Amino acid sequence: MMIITELEFNCETGQEVQRTLTDTEVITLQVKEARAEAERAAKEAEEQAKQAEREALSAWLLSRSDLTDGARAAILRAMTSSSSNM
């Protein structure tokens, strides 16, 4: 088990006391850190998925020979402005 200490400050007495966290406090801290890391990873994966979708839509749009350059440009602009609102 990891040993972690914290510094407590008593505002009434002005004393600082260093104490070792209990095993439960250490586990709670580790769980919070793991949860935060999982949330960061999930957010990053979501952003990567959104980017991949935008790239796939752009590639599909550019491959459409039945659209004029102006129509493609307008659709790409609309995609870009709507993706920034996500």
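I started with the secondary structure and got 2 helices and 2 strands for the chain, in the order β-β-α-α along the sequence. Helices here are DSSP runs of H or I with at least four residues, and strands are E runs of at least two, numbered from the N terminus. I kept in mind that this is a predicted model, where local features need pLDDT of at least 70, side-chain atom pairs count only at pLDDT 80 or more, and totals for chains, interfaces and linings use all residues. Residues are numbered from 1 along each chain as its sequence is written, and side-chain values use heavy atoms, with hydrogens and water left out.

Next, overall shape. I noted a box of roughly 75 × 30 × 10 Å for the C-alpha atoms, along the principal axes. Buried residues (under 20% relative accessible area, 1.4 Å probe, protein chains only) come to 6% of the 86 in the chain.

Then I zoomed in on Arg72, which sits in helix 2 (residues 69–83). Is Arg72 buried or exposed? I found it buried, at a relative accessible area of 12%.

I also checked what Arg72 touches, taking contact as heavy atoms within 4.5 Å. Leaving out residues up to four places away in sequence, I listed Leu61, Leu62, Arg64, Ser65 and Leu67. For Leu61, 11 residues from Arg72 along the chain, I noted a C-alpha separation of 6.7 Å. For Arg64, I noted its backbone oxygen 2.3 Å from a polar side-chain atom of Arg72; a polar contact is a pair of N or O atoms within 3.5 Å, where within protein one must be able to donate a hydrogen and the other to accept it, and residues adjacent in sequence count only if both atoms are side-chain atoms.

Terms used: Buried < 20%, exposed > 50% of the residue type's maximum accessible area, 1.4 Å probe, protein only.
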